Amino acid sequence: MEALAVVQDVDGSQDLYREHVGPLMERLAASHHDWTIHSVELLQFDVVVTHAGPALGEVLPHLVPVLRSCLQPPETRRCA
């Protein structure tokens with residue numbers, strides 16, 4: 001991530017996340033109803049949530065509905 005931050009000319013991985021997390025989270029939120037345990041999008045979501053740190057605060061309107069939907073009990077859950 002640090003090497004990518006250098007190439008993108010930003011100040012570290014947190015700035016890299018801040019720059020790209022919005023569009024990425026919008027795409028992920030739009031597709032979350034179709035995810036399965038094998039979906040690449042689910043893996044991307046996992047990485048963003050575990051590594052983006054404070055940058056997640058900027059995408060809460062997209063993050064919270066995905067979490068709410070995916071954390072439902074299995075009989076009502078919309079994510080695999």
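A polar contact here is a pair of N or O atoms within 3.5 Å; within protein, one of the two must be able to donate a hydrogen and the other to accept it, and residues adjacent in sequence count only if both atoms are side-chain atoms. The model is a predicted one, in which local features need pLDDT of at least 70 and side-chain atom pairs count only at pLDDT 80 or more, while totals for chains, interfaces and linings use all residues. Residues are numbered from 1 along each chain as its sequence is written, and side-chain values use heavy atoms, with hydrogens and water left out.

S69 is buried, at a relative accessible area of 11%; buried means under 20%, exposed over 50%, and partly exposed in between, with a 1.4 Å probe and protein chains only. The side chain of S69 reaches a polar contact, at 3.4 Å, with the side chain of H32.

H32 has another partner too: its side chain is joined to that of H33 by a polar contact of 3.5 Å. H33 belongs to the loop between α2 and α3 and counts as partly exposed, because its relative accessibility is 36%. Although H33 and S69 are 36 residues apart along the chain, their C-alpha atoms are separated by 8.3 Å.

Back in α4, the buried residues are L63, V66, S69 and C70. These residues lie on the same side of the helix, because they cover an arc of only 140° around the axis (the arc is that of the directions from the helix axis to the C-beta atoms). They pack against α2 (13-31) and α3 (40-51), where contact means heavy atoms within 4.5 Å. On the face turned away from that buried side, α4 carries the exposed residues P61 and R68.

Now for the start of the chain. V7 is found in helix α1, residues 2-7, and counts as exposed because its relative accessibility is 69%. Together with M1 and L4, V7 forms a nonpolar surface patch with about 320 Å² of accessible area. Such patches are made of residues with over 30% relative accessible area and no salt bridge, with nonpolar side chains (Val, Leu, Ile, Met, Phe, Trp, Tyr) joined within 5 Å and like charges within 9 Å; a salt bridge is a side-chain nitrogen of Lys or Arg within 4 Å of a carboxyl oxygen of Asp or Glu. Accessible areas come from the Shrake-Rupley method with a 1.4 Å probe.

Key. Helix = DSSP H or I, 4+ residues; strand = E, 2+ residues; numbered from the N terminus.
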